[in-house]
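Open the model in a viewer and keep the selection panel at hand. The stops below go from the whole chain to single residues.

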Amino acid sequence: MKKGDIVVIIIIIMLALILIIVPYRKPNDNLLVRINSDEYDIHTDRVIELETLTIHIESSEVFVTHANCPDKVCMQMGKIKNHGDFIACIPSGVVITIVNGSNSYDKIAG
Ligand SMILES: [Zn+2]
């Protein structure tokens, strides 16, 4: 085995370690449901009754079950569960988004 081979092997091992450690994030942990300025844990089932909307958080999914708005677009948007998903009810002025609550990592990443 030549000296150069050992260097290559060490570099490969280091790269492998970096690839294992750096992207280590649990994608579905610490997600929060943000409804306007309020935040709720997505993993805790609950019903949020607003003046215009009824929002369910159930089995880590969020959906609108009742809406007073004329178009009902918010109800038709179905269930959301992933970071970055959103439901907007424009007539009611309600925006529901799923955000990462753990740290500022995703704010930097966009
Ligand atoms: Zn609506």
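What pattern does the chain follow, read along the sequence? Colour by secondary structure: this predicted model runs α-β-β-β-β-β-α-β-β-α. The chain holds 3 helices and 7 strands. Of its 110 residues, 14% count as buried. Among contacts with a separation of 6 or more, 29% are between residues 24 or more positions apart.

**Stop 1: the sheet**

Select residues 46–49, which are β3, then β4 at 53–58 and β5 at 61–67. Together they make an open sheet of 3 strands in the order β3-β4-β5, with antiparallel pairing. β3 and β5 stand at the edges with a single partner strand each, so one side of each has no neighbour in the sheet. Ignoring direction, neighbouring strands of this sheet are turned by 20° against each other on average.

Next, look at the two pairings separately. β3 and β4 pair over 4 bridges in the antiparallel sense and form a hairpin with 3 residues between them. β4 and β5, also antiparallel, are joined by 6 bridges.

Now select T54. Which residue of β5 is the bridge partner of T54? The partner there is H66, while E49 stands opposite T54 as well. Moving to I55, the residue opposite in β5 is V64.

**Stop 2: the two faces of β4**

Show the side chains of β4. In a regular strand, side chains alternate between the two faces of the sheet. Which residues of β4 lie on the covered face, and which on the uncovered one? L53, I55 and I57 form the covered face; T54, H56 and E58 form the uncovered one.

**Stop 3**

Select S59, in the loop between β4 and β5. The hairpin formed by these strands has 2 residues between them. S59 has a positive phi of about 50°, although S59 is not a glycine. Is S59 buried or exposed? With 10 other C-beta atoms within 10 Å, S59 is exposed, because the cut-off for that class is 12 or fewer.

**Stop 4: the largest nonpolar core**

Select V33, I42, L53, V62, V64, C74 and I96. Of the 15 residues in the largest nonpolar core, these touch the most other members. At least two residues of this core come from each of β1 (31–35), β4, β5, β6 (86–89) and β7 (94–100).

Centre the view on V64. Which residues does V64 contact, leaving aside its neighbours within four places in sequence? They are L53, T54, I55, C74, M75 and I87.

**Stop 5**

P70 is exposed, with 7 other C-beta atoms within 10 Å. Draw a distance from P70 to S92: their C-alpha atoms are 9.7 Å apart, and the two residues are 22 apart along the chain.

End on K72, in the loop between β5 and α2. K72 has a positive phi of about 60° and is not a glycine. How exposed is K72, and how many other C-beta atoms lie within 10 Å? There are 14, so K72 is partly exposed.

Technical notes:
Residues numbered from 1 in each chain as written. Predicted model: local features only at pLDDT ≥ 70, side-chain atom pairs only at ≥ 80, totals over all residues. Buried ≥ 20, exposed ≤ 12 C-beta atoms within 10 Å, placed from the backbone. Contact = placed C-beta atoms within 7 Å. Core = buried A, V, L, I, M, F, W, Y, C linked by C-beta atoms within 7 Å. Pairing = 2+ DSSP bridges. Axes fitted to C-alpha atoms, helices over the stretch in contact; angles between N-to-C directions.
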